[in-house]
Amino acid sequence: MNDDYLINLLPSEYLPKPEFKGFPLFVIAVLVLVGVFVFLDNTRITGRINTLKELKKNQTALVNRRTPLALEALDVQARSRVLFSYGVSIWSMLHQIPPWIDVYNEIEESIPKGMWIESLTLVGGGERKWPSFTMVGIVAGNKPGTVLDFYALMLEPDSKFEKVKISGYTFIKHDRQDAVMFNMRFSIKKSGFEGF
C-alpha cells in the first residue's frame, strides 16, 4: 500500500515533521564540490611547483653560464684593489714629510759595496716626533770592518742621520757563504731632508 493515500487526522502540532528527501543529493553535491575544489587546488599547486622547477632550472643554467665571468671579475677586482692600495701607499709616501723615498734612497746610497739591507723597519714616530729606523744588514764575507766603516759613516757630522747605535754583529752563513749580520738603529735629522 502506498503511503500517499493515507490520511493523517492528527492535529497539526502532533504531525511528524516531513523528512528531507534531498539529503543524499545534498551530500553528493557537497562531495562533488569538495572534489572539484581539491582537484583545482591540486592543479594550481602542481602548476606552481612546475613553474618553480622551471625557474630553478633557468636560474641554475644562468648561474652556470655567468660563474666563469664572475670568477674573472673577482680576480680583476682583487688585482685592482692591490694596485689601488699600492698606488695609495706610493702617493702617501711621495707626499709625506719627511719624504720616505728620499730617506730610503739616502740610506741605500750610504751603504758600502758588498753590504745590503736585509730589513728596514720604521719604529715609533707620530705627528710631532720623527720616527727612527731599525735596520738589519748583511755584509758578504768575514769582514766586520765593513760594518764598522758604515757605522763611522753614519756618525759623520754631515750625515743626514743621528742617534746611530749598533747593537753588534754576528757571523752567519748566507746562501752557504760566510757573511756578517748586524743590527743598527738610527734617526734622521730634520734638517737633512728639509730641502726635498
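This passage describes the fold, the model confidence and selected side-chain interactions of a predicted model of a single chain.

The chain contains 3 helices and 4 strands. Read from the N terminus, these elements follow the order α-α-β-β-α-β-β. Of the 196 residues in the chain, 18% are buried. The accessible surface amounts to about 15,600 Å², and carbon and sulfur atoms account for 61% of this area. When contacts between residues at least 6 apart in sequence are considered, 59% of them join residues at least 24 apart.

Confidence was examined for the chain and for its elements. The mean pLDDT of the chain is 79, with 84% of the residues at 70 or more. Helix H1 (residues 23-94) has the highest confidence, at a mean of 86, whereas the lowest belongs to helix H2 (residues 100-110), at 76. Where pLDDT is low, the predicted coordinates should not be read in detail.

The structure holds 3 aromatic pairs. One of them is formed by Phe-133 and Phe-186, whose rings are stacked, with a distance of 5.6 Å centre to centre and an angle of 25° between the planes. This pair links distant parts of the chain, since Phe-133 belongs to strand S2 (residues 132-140) and Phe-186 to strand S4 (residues 177-188), 53 residues apart. Phe-133 counts as buried because its relative accessibility of 5% falls under the 20% limit. Phe-186, at 0% relative accessibility, is likewise counted as buried.

Phe-186 also pairs with Phe-161, here in an edge-to-face arrangement with 5.3 Å centre to centre and 75° between the planes. Because Phe-161 lies in strand S3 (residues 161-174) and Phe-186 in strand S4, this pair ties together parts that are 25 residues apart in sequence. Phe-161 is buried, as is Phe-186. Phe-133, Phe-161 and Phe-186 together form one aromatic cluster.

Ser-159 is located in the loop between helix H3 (144-155) and strand S3. With a relative accessible area of 13%, Ser-159 is buried, because this value is under 20%. The side chain of Ser-159 makes two kinds of approach to the backbone, described in turn. Towards helix H3, the side chain reaches the backbone oxygen of Met-154 at 3.1 Å. Beyond its neighbours within four places in sequence, Ser-159 is in contact with Leu-153, Met-154 and Lys-189.

The structure holds 1 salt bridge. The partners are Asp-41 and Arg-44, with the closest N and O atoms 2.8 Å apart. Both residues lie in helix H1 and are separated by 3 residues, about one turn of the helix. Asp-41 has a relative accessible area of 26% and is therefore partly exposed, this value being between the limits of 20% and 50%. Arg-44 counts as exposed because its relative accessibility of 55% is over 50%.

Technical notes:
Residues numbered from 1 in each chain as written. Predicted model: local features only at pLDDT ≥ 70, side-chain atom pairs only at ≥ 80, totals over all residues. Heavy atoms only, no water. Phe/Tyr/Trp six-rings, centres within 6.5 Å; stacked < 30°, edge-to-face > 60°. Helix = DSSP H or I, 4+ residues; strand = E, 2+ residues; numbered from the N terminus. Buried < 20%, exposed > 50% of the residue type's maximum accessible area, 1.4 Å probe, protein only. Contact = heavy atoms within 4.5 Å. Areas by Shrake-Rupley, 256 points an atom, 1.4 Å probe, with all protein chains shown as cover. Polar contact = N/O pair within 3.5 Å; in protein donor to acceptor, adjacent residues only side chain to side chain. pLDDT = per-residue confidence, 0-100. Salt bridge = Lys/Arg side-chain N within 4 Å of Asp/Glu carboxyl O.
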